[in-house]
Structure formats: C-alpha cells, structure tokens
Amino acid sequence: MLLMTSIIAAILTTIFVKLSFAVIGLRRKNKVGLGSGGYDDLERAIRAQGNFAEYVPIGLILIACLELNGAPWWLVMLPGVTLVVGRLIHAKGINEPPPNFSSRVLGMKFTFGTLITLVILNLGWSLCGLLI
C-alpha cells in the first residue's frame, strides 16, 4: 500500500487544482480562450500551473518507488513535504506581481534538491535491497 504517497499526492493535487482554477478564473476575467492574450497575470498563472505539472509527476513516481521498495514512512514523507514546500514557494513567487525571483529560485532549489535526494535514496535503497 502507498499510504504516504497517497497523502503527498492528495496534497499536491489540491495545490494543482487551486493553480488550475486561478488560470480558469483569469481566462474568464480576461476573455482569453488560448494562451495568455498578453495579460501578465494570466501568463504568470499559466506558468505556475505548467511548471507544477512539469516537476511534480516525476517526484511522485520517485516517492512511490521508495515507498513500494519498503522505505520507512518518515523517509518517504520527508521528501514529500519538501516537494510540497518547494512547489508552494515557487507558485507564490511566480504569481506575485512582479514575480518574486528569489522565491522562485528558492522554490526550485527545494524542488531540485528533493528530486536529487529522491534519486539518491532510490538508488541507495534499491542497491541495499539487492545486496541483502
């Protein structure tokens, strides 16, 4: 069972839905069916949602692999929490007018740090499993 992954995925999905509703709301407000129509706030919302959609799936896959391979719950939850934190910081930074570059960078540092950590954890956990 993927109990920790399910909790992390539910939290991340809630954030994604919120980002998506922001795009939908701005599209309606500005009467834009496709693209950003030249509206900066809509462009930021689209990129916040898109960036989230680009990075979260691979993180969830790596978290699920770690849990499926028998890692303790805390070792699964810790990178899950840092992924959530990173994605929240990035989304907030990109949606602030003008975009808060330092928040975006910090959010991406959390995200990349989490992904790299998950790669190392998965390789280490898998190799230990093969050797035992």
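Reader: How many residues does helix 1 have, and what span would you expect for it?

Author: Expected span is 1.5 Å times one less than the number of residues. Helices here are DSSP runs of H or I with at least four residues, numbered from the N terminus. Helix 1 has 28 residues, and from first C-alpha to last it reaches 41 Å, close to the 40 Å expected. Keep in mind that this is a predicted model, where local features need pLDDT of at least 70, side-chain atom pairs count only at pLDDT 80 or more, and totals for chains, interfaces and linings use all residues. Residues are numbered from 1 along each chain as its sequence is written, and side-chain values use heavy atoms, with hydrogens and water left out.

Reader: Which residues of helix 1 are buried, and what covers them?

Author: Buried means under 20% relative accessible area, exposed means over 50%, and partly exposed is in between, using a 1.4 Å probe and protein chains only. In helix 1 the buried set is Met4, Thr5, Ile8, Leu12, Ile15, Leu19, Ser20, Val23, Leu26 and Asn30. Their cover includes helix 2 and helix 3. Take Ser20, which sits in helix 1: its relative accessible area is 13%, so it counts as buried.

Reader: How do I read the packing of helix 1 and helix 3: at what angle do they cross?

Author: Under 35 degrees is roughly parallel, over 145 roughly antiparallel, 65 to 115 roughly perpendicular, and the rest oblique. The axes of helix 1 (residues 3-30) and helix 3 (residues 73-95) come within 9 Å and cross at roughly 10°, so the two helices are roughly parallel. Contact means heavy atoms within 4.5 Å. Among the residues making it are Ile8, Leu12 and Ile15 of helix 1 and Val76, Leu83 and Leu88 of helix 3. By class, this contact has 14 nonpolar, three polar and one charged residues. For those classes, Ala, Val, Leu, Ile, Met, Phe, Trp, Tyr, Cys and Pro are nonpolar, Asp, Glu, Lys and Arg are charged, and the others, including Gly, are polar.

Reader: And how do helix 2 and helix 3 run, roughly parallel or roughly antiparallel?

Author: Their axes come within 10 Å and cross at roughly 175°, so helix 2 and helix 3 are roughly antiparallel.

Reader: How many aromatic pairs does the structure hold?

Author: Rings of Phe, Tyr and Trp (its six-membered ring) pair if their centres lie within 6.5 Å; planes under 30 degrees apart are stacked, over 60 edge-to-face, and the rest tilted. The structure holds two such pairs. In one, the rings of Tyr55 and Phe112 have centres 5.4 Å apart and planes at 90°, so that pair is edge-to-face. Tyr55 is in helix 2 (residues 40-68) and Phe112 in helix 4 (residues 101-131), 57 residues apart. Tyr55 is partly exposed at 21% relative accessibility, and Phe112 is partly exposed at 38%.

Reader: Where is the cis peptide bond?

Author: Pro97 and Pro98 are joined by it, with omega about -15°. Pro98 lies in the loop between helix 3 and helix 4.

Conventions. Axes fitted to C-alpha atoms, helices over the stretch in contact; angles between N-to-C directions.
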